[in-house]
Amino acid sequence: MMLYNKNKKLDPKLKTCFIEYTNTYFNMPLPKRHPKCSTTYLGMAIINLAVAYLMTSEERYLNKAKEVMNAVCSYKKWGNAHLVNVDLSASFILFGLSLGYEYLSPYLNKEEKNKYFKNIKEHAFIIYEYKKNNLGNGWPTNYWQNHNWINHTAILLSGYVLKENVLIEEALTDFETVYKNMADDGSNYEGVSYWRYGGMWLFIAAWLIKELGYNDYFKESKYLENTFYYRLYQSDSTLLKQLNFGDCHDRFSSHSLLVYYLTADNYNNHYAKYLANLVLDNIYQEQYLSHIKPGIMPELGLCCLAYSDILPKKVNDLPLFKYFPDLGLISIRSSWGKNSTVFSLKSGYPGGKTQWLNGDFKTMSLSHHHPDNLSYILTKGQDYFVIDDGYNRNILELNHNSLLVDNKLCDVMNVNDVYLKSIMTRTTLNPNYNRLDYHGGIKDLIYDDYLVFDAYSTNTYPLELNMQEVKRLIVIAPKVKYILFIDVFSSLDNHEYKTIINSDFIPKTRGKMAKYQGAFNKLNHYVDSNNKIKSENLVQQIKSIMTTQEPDNYVITNLNTRTYSINASDGCILEIFSTNALKIKKEQDYYLINGEDKLYLNIPLEISDARGVLKTKDKIIVLDGSYLKNKNTTFLNKDKKGNYIVEVIK
């Protein structure tokens, strides 16, 4: 049961960090009453002190562990303000107290054992009874949400310690459903920060379940096997910060050493060990710049238990492009270098395809999934040029780098759970509407030096807009030399169509070009349209409390926003980005990009039905078309419209 192996040889850096951090507990105040904040840190403190005692045999760690255990046992309730006794604070303490009891039992007197055992049993059954009485309402059956995983892991461990099969079976039944329904590609709709905070517990639970002699979910779950790559490809060029789709309180709440060690050991994944070493070398950066608590340092006791000694392997030989079909997530970078350009775009099903198809309104909770279809993030080195809004409890239309129709994005906005509220509103007004049609996606994807794909989200816009198409046709040149968007809008009615770019930086504009100067790099952004185009600048400030247990603790994100809009029924906006030099020359019937590639728009139907054709040195890229003819030569003739690459015969 998550056995402590005194003979395991740890990385000296890991052991040093662990002991140094655990020593800080000797100066940690222990409130006589439950503090008015989250107390997850107390559960982790018990674990760290218990592991430190087993590691060193120093009595001071045992004594301090008992002090913390006595403190939490003196609290009448675990948690503050919201879901007291039955949610995260309670579960972290229950898990820590249970593991501390299991590890330290040989060193406790009878009175101490009885007290800790009694408290474990009391609180375990409080959480268990709440779960049984609230099926279909909140975390008890929100199978894809981090609260479900954390709370059931605490139920499982306490059940083992108490020898209460009813608790063990309850947790095992829940996790059987959870692992069966996680995305095979390893993607996590809650975002990277919740991947490391909550998703870590899917690994802890699988580890515990395996060691207790039940299922080996490391063998059964493709999610557990592949989710390391979701995290890796949602990294900036330094690999230390993340691309913050979903709820991400900051850019530094990114990594889980425990996940990397368990991934390395269970899948012989040398890349995971490499990333673990990189994170360990920079661990203080995440601990003190991250807003999510307890944080990476309080998890070090568990990391010592899970440590893998397999050899690391640099990620440099991995592909530069990765597609996660369940979430509709694209990621590409110019290299694995520290000043590389990194681009990621998202368009898919609310909560991911697996969840949307298998879940229902009672089992899904999408409050951590933002309405970010067609939205993208673009960084180079340390500079974040196109950014997401981060952590936001009530999301507004301009918060993402998406496309708006009459300033509308979904049926309902400015709420906590945009996607679910929107589809529930739609199906209430029209009971015959099939919610499975409510999604975006990626299609016609080609990766052949140039990355070409179609990101669409037509059905998520309010039905009264009569939208026939809302999508982005995208071409990314080799080594991300430039990124090309053709933003496509088509409706039965006339509308204002708008594209949005949110940035850390305020651009300088000249004609159709906006230039963003970062601290180390620059971004050029060219925008044009056949329709009259209007641009606007504004600054958005997003302020959100981090947890309902601490209403005065909040994060602030500032967005420098620039929008471009046209009025039409059927229209396109052209966008071209480059973190390198960008020169656009508009000729009579094409755009010349950096003196090399020719982009043709508004092509006569006798030549092609495509929205655009990009002519490169040795390729012709047809975007959203089925045929291409020129004079007496037929370059392309297909049965349906799509994206196609035609090799040019030299």
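Student: What span should helix 9 have at 1.5 Å a residue, and how far apart are its end C-alpha atoms?
Tutor: The 12 residues of helix 9 (residues 200–211) should span 16 Å, and the end C-alpha atoms are 17 Å apart, so the two agree. The expected span is 1.5 Å times one less than the number of residues. Helices here are DSSP runs of H or I with at least four residues, strands are runs of E with at least two, and both are numbered from the N terminus.

Student: Where do these numbers come from?
Tutor: This is a predicted model, in which local features need pLDDT of at least 70 and side-chain atom pairs count only at pLDDT 80 or more, while totals for chains, interfaces and linings use all residues. Residues are numbered from 1 along each chain as its sequence is written, and side-chain values use heavy atoms, with hydrogens and water left out.

Student: What does Leu224 touch?
Tutor: Beyond its neighbours within four places in sequence, Leu224 is in contact (heavy atoms within 4.5 Å) with residues including Leu202, Phe203, Ala206 and Tyr267. Leu224 is also one of the residues that touch the most other members of the largest nonpolar core, which has 192 residues. Such a core is a set of buried Ala, Val, Leu, Ile, Met, Phe, Trp, Tyr and Cys residues joined through side-chain atoms within 4.5 Å.

Student: Which helix gives the largest share of this core?
Tutor: Helix 2 (residues 40–56), with 12 residues. Apart from this core lies another, of 22 residues, including Val452 and Leu623.

Student: New topic. Is Thr563 buried or exposed?
Tutor: Thr563 is buried, because its relative accessible area is 1%.

Student: What order do the strands of the open sheet have?
Tutor: The 6 strands run 16-17-18-19-20-21, with antiparallel pairing; two strands pair if DSSP finds at least two bridges between them.

Student: Which strands stand at the edges?
Tutor: Strand 16 (584–586) and strand 21 (633–647); each has a single partner strand, so one side of each lacks a neighbour in the sheet.

Key
Buried means under 20% relative accessible area, exposed over 50%, partly exposed in between (1.4 Å probe, protein chains only).
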